[in-house]
Amino acid sequence: MAVAAKWAFCAFLGIMLLHIFAILLFTRGFLLTRSELSQYSQCNDVDESPCFSPPRDQTSNGGCWNKPVVDRLVIIVFDAIRFDFVAPSTFFAEKKPWMDKLQVLHEFASQNRSSRIFKAIADPPTTSLQRLKGLTTGGLPTFIDVGNSFGAPAIVEDNLIHQLVQNGKRVVMMGDDTWIQLFPHHFVKSYPFPSFNVKDLDTVDNGCITNLFPALYEDDWDVLIAHFLGVDHAGHIFGVDSTPMIEKLEQYNEIIRKIVGVLDSQSGPGGLHENTMLIVMGDHGQTLNGDHGGGTAEEVETAIFALSSKKPSTPLLATPDGSSCRLDMHGKRICINTIQQLDFAATVSALLGVPFPFGSIGRVNSELFSLAGGTWNQESSPTSNDQSPSEIDNSMQNYVNLLCINSWQVKKYIDVYSSLSLIGFSEQDLLHVSKLYFEAQELWSITSKNFSLDKTQRPFASLPLIKRQLDAYSVFLESVADLARSNWTEFNLKMMGVGFCIMLSSLFLHVYLIRRLNKLSGLHSCSSGYSMGLFGVTFACVIVLIRASSFLSNSFILEEGRVATFLLATTVIFQLRCALMKKMMFLEALVLCLLVPLLRISIELGQLKQAVNSLFLKVDPSQSLGIDNDSQFWMYVAEVLPTLALILVAYLLYKNIAVCPSQGIWKYVVAGTLFNYMLIPFHWASDSSLSILQMLPDGVKGNLIPRVTYAAGLLQLSLLTIGQLAFRKSASNSEETTFVKSLALLSAWSSTIIILSGKQGPLVVLALLIGGWCIIRLLALEQDSKNDCSLSYALAVTQWSLLAVCMFFSTGHWCAFDGLRYAAAFIGFDEFNLTRQAILLTIDTFGFSHILPIFGFPFLVTCYYSLRQNKQVFNLRLCQVYLMYGLITALTATFTMLCVAIQRRHLMVWGLFAPKFVFDVVGLLLCDALIFMSALYYIA
């Protein structure tokens with residue numbers, strides 16, 4: 001016993017540390033953030049540019065790199081606003097219930113005033129932290145910062161808020177407290193509200209409303225930011241197609257109407273808002289089930305609405321593409337053009353006359369800039385009655401000079417970044433960008449001389465030259481943005497290679513230790529003479545290699561859940577054939593064969609992003625199945641079925657613990673789980689849509705039952721720890737002790753996992769029990785009473801691994817950040833606590849795929865081997881089973897690392913491959929930790 005315990009402790013701890021070291025090295029090479037430069041733009045920097053410097057009288061009036069065109073700016077951020085929330089339904093093929101709720105925007109955009117709707121394109125990842133960082137710095141977000149979305153660090157590089165404060169602009173903020181974390185000392189006034197209680201739709205919004213309207217009548221600010229979160233939270237909890245979402249959009253419609261009313265009432269000559277611009281915008285979109293973080297069209301497409309209280313002295317830029325204009329539902333013409341969120345920082349800086357952030361690679365958007373009267377109508381005729389030659393001349397010179405400054409600033413940043421960054425851009429890319437900038441500046445030398453001529457000598461002759469100049473600067477700026485999007489992340493291939501080689505060495509270590517255990521336990525390897533065992537081992541290896549190799553393709557990663565069920569079905573069909581040939585275990589093979597299609601159906605439901613409102617996950621379980629809410633029979637079936645499944649699980653647990661001889665503390669742990677099982681249906685009933693189930697005492701509603709369940713789970717785990725220390729030498733039978741200890745440990749975890757998983761929990765547990773029982777029973781097909789092959793259970797371990805993967809996907813998860821069920825982290829709690837919510841989210845995500853399968857592995861050994869072997873051989877066998885499972889998990893993670901290394905320049909690297917890498921390495925480390933704890937619990 002001492003040999004096995006010492007051996008297990010050293011082996012599993014060593015493997016876990018090796019994996020940690022390998023993953024850290026590989027991650028440092030793969031997920032490096034871009035270099036954040038310490039340089040900041042200064043007012044006098046513009047004197048170094050080849051462009052026209054602003055007159056000194058402008059700088060004294062608040063201008064810096066250019067003359068400001070607005071005096072005050074109101075920015076209203078509606079978190080997670082989809083583009084189809086804002087645009088009229090006539091812009092889409094099919095009208096949806098959530099469309100046309102922001103009618104006030106359509107009214108203003110269709111009127112003859114300075115207002116317009118834009119489709120805004122965000123760069124992934126589309127988490128709020130990355131989008132706010134991108135909006136204010138003018139740069140592209142980095143993947144590694146996704147993990148900081150729950151605890152945003154202060155932005156240290158140059159940004160729009162810093163430039164506003166440094167140049168005397170007073171900024172007021174209210175709403176999402178992420179702004180305070182990003183900019184902790186920048187606001188003259190701030191009214192932050194906690195942003196991560198997704199179940200709270202109103203606190204942040206009400207706080208914004210309370211402070212917003214009084215602030216609009218005050219003159220102690222230049223920029224006002226109000227960040228609303230109601231739509232984002234409604235999406236996370238209820239989805240887009242829900243009543244709370246519709247109500248939030250209608251509330252926002254009235255808020256915007258009131259804001260514009262206040263601005264209009266004071267927009268007269270000498271008024272407080274005589275020259276104020278209103279920008280209503282989203283930071284990102286959301287999927288139909290309310291998730292965001294990826295790069296799908298639903299997530300990256302949001303909207304910007306801009307309105308200027310001052311009518312421009314020149315007409316707005318004409319719409320270049322007539323197809324972007326449609327009639328709304330009232331027959332009024334609305335034009336919508338596209339803007340990149342990357343351009344937001346540069347455009348707002350130009351509007352307010354402050355320097356562009358040093359790291360900004362966006363360009364000043366001509367249409368948004370023109371709303372404040374700062375540019376001219378490119379499409380207008382030179383003889384237009386709406387514009388005088390002097391107005392055209394001044395606006396042309398203003399905007400072209402602005403683009404000159406814009407291009408100079410971007411070129412300066414690219415040069416500094418490439419010289420200071422470890423890798424930077426390639427020489428070929430830099431030569432291409434430099435060539436485009438040189439061509440634009442060659443043309444500028446002609447254009448600037450043309451501007452210096454007397455106006456009588458060039459009334460309209462310079463228009464073609466100006467358009468050529470605009471095109472030259474636009475091509476340069478677009479090329480830089482494309483270059484940054486394709487090459488922004490710096491990959492350290494040497495560090496990635498070292499990490500990958502260490503992972504490979506861990507695989508060889510697994511194989512060596514498995515073979516070493518054969519000698520310690522006195523067992524032989526599967527030889528050619530034992531054909532059935534050898535074929536089973538070979539077949540298992542082929543299955544594992546097929547699944548691992550599938551990660552080299554983005555299509556198979558997207559279909560990972562379906563691939564797992566297909567491979568599991570393949571192994572089951574093989575065993576069904578063996579059962580027929582040997583005339584034994586046919587029932588078990590048939591049951592497992594029938595279970596696989598059910599798992600496939602559950603995965604199909606779980607992977608439908610529209611199905612998050614579906615069966616057993618939400619309050620209205622019949623909605624996604626198309627069941628009529630008036631059909632009480634199906635409503636009762638959907639509500640009662642999870643409870644019946646939970647009762648069956650409780651019965652099986654009681655039956656198994658009852659047949660075991662008295663084991664003291666272990667039975668008390670199981671009794672606590674049975675008590676928790678009795679409470680969980682009352683928690684479900686409190687959230688039920690059926691009135692008869694809502695007639696419960698107030699004491700059982702809300703957060704009480706989940707908290708009792710969590711507390712009971714902690715107490716049970718504490719008792720198991722005490723039992724491990726107090727009774728480890730008193731057990732006389734290794735089989736009985738391990739069986740009851742495993743049963744107690746699984747029961748202690750199960751109640752928490754079930755309540756976090758919702759009403760699908762008992763059904764998933766039942767499927768896991770049935771699948772595990774069948775795999776254990778079918779292990780007899782691989783055994784021979786005369787030849788005890790040491791690797792004969794390789795196929796069973798492989799099936800156990802595939803079943804665990806199916807559990808992950810059948811519970812509605814997938815390997816992406818929008819595949820996390822964030823609402824589960826708030827079951828039992830209303831307020832946000834990073835550590836607590838992270839633990840709950842981890843348990844919900846990996847409970848069925850890692851925690852229960854790994855802690856349940858001793859059943860695979862106790863149910864077959866222990867009757868024929870002594871205690872030490874039994875423990876060595878258990879170590880060997882855990883090593884094989886760890887080898888399978890490590891092999892899949894290694895292939896994932898190989899995949900992201902090969903596909904590091906793939907279009908979907910940050911949207912698909914990188915999230916898959918994060919999930920796999922986190923899963924591997926969790927697997928190592930659970931195996932290590934299992935070794936301490938079952939063997940030490």
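A cavity, as the term is used in these legends, is a set of points on a 1 Å grid over the protein atoms alone where a 1.4 Å probe fits but cannot get out; lining residues have an atom within 4 Å of a point. Grid points are joined across faces, edges and corners, and a volume is the space filled by probe spheres set on the points. The model is predicted: local features need pLDDT of at least 70 and side-chain atom pairs count only at pLDDT 80 or more, while totals for chains, interfaces and linings use all residues. Residues are numbered from 1 along each chain as its sequence is written, and side-chain values use heavy atoms, with hydrogens and water left out.

**View 1. The largest cavity and its lining.** By the rule above, the model holds 8 cavities of 30 Å³ or more. The largest cavity has a volume of about 320 Å³. Its lining is made up of 22 residues, and those nearest its centre are Arg547, Glu560, Val805, His850 and Asp920. Helices H27 (794-810), H28 (834-855), H30 (871-902) and H31 are the elements that give two or more residues to this lining; helices (H or I, at least four residues) and strands (E, at least two) are DSSP runs, numbered from the N terminus. Helix H31 gives the most to the lining of the largest cavity, with 6 residues. By residue type, this lining divides into 12 nonpolar, 6 polar and 4 charged; Ala, Val, Leu, Ile, Met, Phe, Trp, Tyr, Cys and Pro count as nonpolar, Asp, Glu, Lys and Arg as charged, and the others, Gly among them, as polar.

**View 2. A salt-bridge network that includes Lys916.** A salt bridge is a side-chain nitrogen of Lys or Arg within 4 Å of a carboxyl oxygen of Asp or Glu, and the model has 25 of them. Here a network of salt bridges links Arg547, Glu560, Lys916 and Asp920. Follow Lys916 to Glu560, where the closest N and O atoms are 2.8 Å apart. This pair links distant parts of the chain, with Glu560 in helix H20 (residues 560-582) and Lys916 in helix H31 (residues 909-938), 356 residues apart. Lys916 also forms a salt bridge with Asp920, at 2.9 Å between the closest N and O atoms. Lys916 and Asp920 are 4 residues apart in helix H31, about one turn of the helix. Are these side chains buried or exposed? Buried means under 20% relative accessible area, exposed over 50%, partly exposed in between (1.4 Å probe, protein chains only). Glu560, at 5%, is buried, Lys916 is buried at 1%, and Asp920 is buried at 13%.

**View 3. The Arg82 and Asp84 pair.** The side chains of Arg82 and Asp84 form a salt bridge of 2.8 Å, N to O. Both Arg82 and Asp84 are buried.

**View 4. The second largest cavity.** This cavity has a volume of about 80 Å³. It is lined by 13 residues, of which Ile75, Thr136, Leu160, Trp179 and Phe344 are closest to its centre. Strand E1 (72-78), helix H5 (128-137), helix H6 (160-166), strand E5 (223-228) and helix H12 (344-352) each supply at least two lining residues. Helix H6 gives the most, with 3 residues. The lining here divides into 12 nonpolar, 1 polar and no charged residues.

Technical notes: On a 1 Å grid over the protein atoms alone, a cavity is a set of points where a 1.4 Å probe fits but cannot get out, and a pocket is an open set with protein on both sides within 12 Å along at least five of seven lines; lining residues have an atom within 4 Å of a point.
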